[in-house]
Every structure is written in structure tokens, then in C-alpha cells.
Amino acid sequence: MAIAMYPSFVMDCPDPAVLARFYGELLGWTVKADETWGEIRSEDGSSCICFQPVQDFKAPAWPGQDVPQQMHLDVMVQDLDAAEPEVLKLGATKPEHQPGTTFRVFLDPAGHPFCLCVS
């Protein structure tokens, strides 16, 4: 029997509301956010990603480790070419370094790497 259920993870960032809106739109999840905390939840409530403000936040340095990424989010898409312009419209950026062919690395508005993946 499980000790706990419904894990979530919390990302440090300069502005929780900005990242909550970005990832909420990306995943189609419900957004609750203000300047002190942000969270997005799946429709069934079983998944949650939270965002907390950090003073003097330093974005990860992709692909180097001068400022380590520490974590990143992978999300599945059906078509990389179709999904790419959509995440760019949301405010993501695409770094030049792309190490794979079945996924693409992007940076969210706070600079955290995340990947769109097809496998």
C-alpha cells in the first residue's frame, strides 16, 4: 500500500504567475496563481506542478552546467514540427543546442529547460 499519493513538484522561478500560465496553457491544465505561489492541476486533480518565487533567481545555463538545470520537464507530443510553433507562441525559446532527434529542448519563460518528446 502506498504511503502517499498525487505527487507534485515545485519549480523555483522569478514570477510564479508567469510560469503557471505558461505551463497551464501548454498542458491544458487549470491555473491558480499570484505573486506568491502558482500551481497548475490536471482536470482530474491527480497531477500538480507548483511554482514558487525566489529572489535573485538564476536561470539554468543550457547546455552547460555553470548554473545546473537540476531538473527538467519532458512532455509528450504527437508531432514535433506542429508543437514547436505553439510553445514558441506561449513564450518558450529554442536554444541552438539540440542533442536528439526524438525530442526538442526549449526554455520556459524563466529559463528552465523542458523537452517536447515523441518517444
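Phe-22 is buried, and so is Phe-114; buried means under 20% relative accessible area with a 1.4 Å probe, counting protein chains only. Tyr-23 is buried as well. This is a predicted model: local features need pLDDT of at least 70, side-chain atom pairs count only at pLDDT 80 or more, and totals for chains, interfaces and linings use all residues. Residues are numbered from 1 along each chain as its sequence is written, and side-chain values use heavy atoms, leaving out hydrogens and water.

The structure holds five aromatic pairs. Rings of Phe, Tyr and Trp (its six-membered ring) pair if their centres lie within 6.5 Å; planes under 30 degrees apart are stacked, over 60 edge-to-face, the rest tilted. Two of the pairs involve Phe-114 as follows.

| Pair | Centre to centre | Angle between planes | Type |
|---|---|---|---|
| Phe-22 and Phe-114 | 5.7 Å | 70° | edge-to-face |
| Tyr-23 and Phe-114 | 5.9 Å | 75° | edge-to-face |

Phe-22 lies in helix 1 (residues 16–27) and Phe-114 in strand 7 (residues 113–117), so their pair ties together parts 92 residues apart in sequence. Tyr-23, in helix 1, is 91 residues from Phe-114. Helices (H or I, at least four residues) and strands (E, at least two) are DSSP runs, numbered from the N terminus. One aromatic cluster is formed by Phe-22, Tyr-23, Phe-51, Phe-106 and Phe-114.

Next, the strands. Strands pair if DSSP finds at least two bridges between them. Strand 1 (residues 8–13) runs parallel to strand 4 (residues 48–53), joined by six bridges. Phe-9 has Ile-49 as its bridge partner. Strand 3 (residues 38–41) pairs with strand 4 in the antiparallel sense over four bridges. There, Ile-40 stands opposite Ile-49.

Note on methods. Buried means under 20% relative accessible area, exposed over 50%, partly exposed in between (1.4 Å probe, protein chains only).
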